[in-house]
2 protein chains.
Amino acid sequence: MLVRDIGEFELISKLAAAIAASSQRDIQSLNECGFKMLRAIGDDAAAWHSPQGISVFTADTMVEGVHFERRYTGWRDLGWKALATNVSDVAAMGCAPTYATVTLGLRGDIPVDGLTEMYTGMMELTAACGGAVVGGDIVKSPVFFISVALQGVGHADAHDALLLRDNARPGDLIAVTGTLGASAAGLKLLTEGADAAGLSSYAFLEDAHNRPMPRVSEGEALARSGVRCAMDISDGLVDDLGKLCRASEVGARINAADIPADDRLKATYPSSWLTLALGGGEDYELLFTAPPEVMQSASAALATPATIIGEVVEVGQGVNVFDEDGIRMMVGSGGWDHFRKE
Amino acid sequence: MLVRDIGEFELISKLAAAIAASSQRDIQSLNECGFKMLRAIGDDAAAWHSPQGISVFTADTMVEGVHFERRYTGWRDLGWKALATNVSDVAAMGCAPTYATVTLGLRGDIPVDGLTEMYTGMMELTAACGGAVVGGDIVKSPVFFISVALQGVGHADAHDALLLRDNARPGDLIAVTGTLGASAAGLKLLTEGADAAGLSSYAFLEDAHNRPMPRVSEGEALARSGVRCAMDISDGLVDDLGKLCRASEVGARINAADIPADDRLKATYPSSWLTLALGGGEDYELLFTAPPEVMQSASAALATPATIIGEVVEVGQGVNVFDEDGIRMMVGSGGWDHFRKE
């Protein structure tokens, strides 16, 4: 069996299963040294309890030609985004970023000035969100890639308050920060051309794709407010909500009319904005669930407005999206497969 | 200017300079949150002081066709080695490994069974050296690579005792753990064929190349014994000693007759074993310096024997290797360039 014969999800499961017993042994040994593992594989980041509180650890990689094209993403934006995707994972645990290592796989024909610009973009991100690049590795590679590993810490006043994927319960409301779909629209504009868009919308959408803003203060505020279930939206709302529901063993009902989208997205793509908002990836907004009473106070504590888009239901019902007439628009059950209008 | 126009060392300097001011700002912000940075770029790992003691953080990547070939390194050995190179960096700081993330860049034609074997090799390494794989990332890539990030902690009874590259002082003795050159000989045998070697030597040398043993307990013992200067040997003794001397602003005298090499290496390569021991890479032994009185007690505390191979001298003298007649064999000054018999 080759990698191309199975999906990413199945591959991760196979690898996790292959090492389960040994991994348990390793984690147990570290537990005995005072490091209490809270979450290894299966969430936005690994998390453990140490004498100083909660620490988290995540890694995320961008490969040229797979995750980015230099003609669409400038050097500075590339640096911002490579770090931002990791910071977003830390934010989705309710934590703040601390130290990062950056590993570069470099071809000989990469311009050095581009790399320094890229680091400048990383520094713009750390200035905005916190954290520091403290090392890494530079290796020769036939394909250009950027591999970042990032640590984070939970806030002292939210001691055991991690945001985990498996804490959703039937009856919880489902909400997202900010708006959805702009990043996917930005990529669409970049690859298909800008004719359809006014200049100001173009800049907004392109920025949404190339300079996503991780929701660090929002993640911390959610954790402090008693929210216990969240993840960041990197693969698209419906896909990621499917992962959250699988982890929590629940289903979800989403109301299409409540999906938040920026007016500039709607104006640029009047017929496809909802498809982009439901299925487009790389929003890096936080998707979270909480009981109604917690949701109310949590939403009030956020710097970026959050919108309630649906509710958590029993597991048998899968992940469903309904239009304003109550007609089911889209189906995902466990693993969401593709857009389908029923 | 392109990456191929400048060396790795110069590239790292340029990138570090480009972000120096911003990086200082980020680290200062974290200092104010109780994370006191001890060492960012420039040693085997980044290191900082947190309420629980010293933490270290390192990253190391292997790219197929650059750092390994699957026909020479089996899947299980590949997993062992990808983690071992990182664990060795943590050991070279005097610390023990804790949590690792593993990022895989995968082509579609990579066999899944190979990957599970690779993780088995990683688990064999953590069973031997400690630490746990707790997450990572799997991405599509046109070239197969393995990027590992690893954290470690200083031992409670060696609180502020990091092993740093810039702590060598004139008058210190220079020592290495184990023996040198076997890994380079193993690679030579693998690539050039095994005709020259007896079977048992072949297995030993191949193992030295594919399953290097990080010197974790040795690094911790050195830190506890009062040693303050060490690094691991990954690019070859003379090259790495040059880096240590540059960081410490000192020179070094090495006695060729004292270089420790295994008899099986000498028997297999009777005329080139010394060249392999001085210049071959990937030994992953610890290179350390200490005043004579510290060196004596430190050496006695090591599970793997250490050998004194020379002494630290004033900076003007560079890094020099002398034969048994006191004739200078090899010169490196600041940046070591190539083998040269004078």
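View 1. The model is predicted: local features need pLDDT of at least 70 and side-chain atom pairs count only at pLDDT 80 or more, while totals for chains, interfaces and linings use all residues. Residues are numbered from 1 along each chain as its sequence is written, chains are lettered from A and ligands numbered from 1 in the order in which they are written, and side-chain values use heavy atoms, with hydrogens and water left out.

**View 2. The interface of chain A and chain B.** In this interface, 75 residues of chain A are in contact with 75 residues of chain B (contact means heavy atoms within 4.5 Å). The interface residues of chain A are, at 100%, also interface residues in chain B, so the copies meet through the same surface. About 6,000 Å² is buried between the two chains, 72% of it on carbon and sulfur atoms; buried area is the accessible area (1.4 Å probe) that two parts lose on being put together, summed over both. Of the area that chain A buries against chain B, 11% is supplied by A:Leu15, A:Tyr99 and A:Val112, more than by any other three residues.

**View 3. Polar pairs and secondary structure at the interface.** Between chain A and chain B there are 0 salt bridges (a side-chain nitrogen of Lys or Arg within 4 Å of a carboxyl oxygen of Asp or Glu). Across the same interface, 17 residue pairs are in polar contact, both residues being at pLDDT 80 or more. A polar contact is a pair of N or O atoms within 3.5 Å; within protein, one must be able to donate a hydrogen and the other to accept it, and residues adjacent in sequence count only if both atoms are side-chain atoms. Elements of chain A that each supply at least two residues of the side touching chain B include helix H1 (8-32), strand S4 (95-106) and helix H3 (112-129). Helices (H or I, at least four residues) and strands (E, at least two) are DSSP runs, numbered from the N terminus. H1(A) gives the largest share of that side, 13 residues.

**View 4. Helix H7 of chain B.** Of the 9 residues of helix H7 (residues 216-224) of chain B, 7 are buried, so this helix is largely enclosed by the rest of the structure. Buried means under 20% relative accessible area, exposed over 50%, and partly exposed in between (1.4 Å probe, protein chains only). Among the buried residues of H7(B) are B:Val216, B:Glu218, B:Glu220 and B:Leu222. The elements of chain B against which they pack include helix H3 (75-91), strand S7 (173-177) and helix H11 (292-300). Just after H7(B), B:Gly226 has a positive phi of about 100 degrees.

View 5. A:Tyr284, although not a glycine, has a positive phi of about 55 degrees. This tyrosine is in the loop between helix H9 (273-279) and strand S10 (286-290) of chain A, and is buried at a relative accessible area of 6%. B:Glu249, also a residue other than glycine, has a positive phi near 55 degrees. B:Glu249 is exposed, with 61% relative accessibility.
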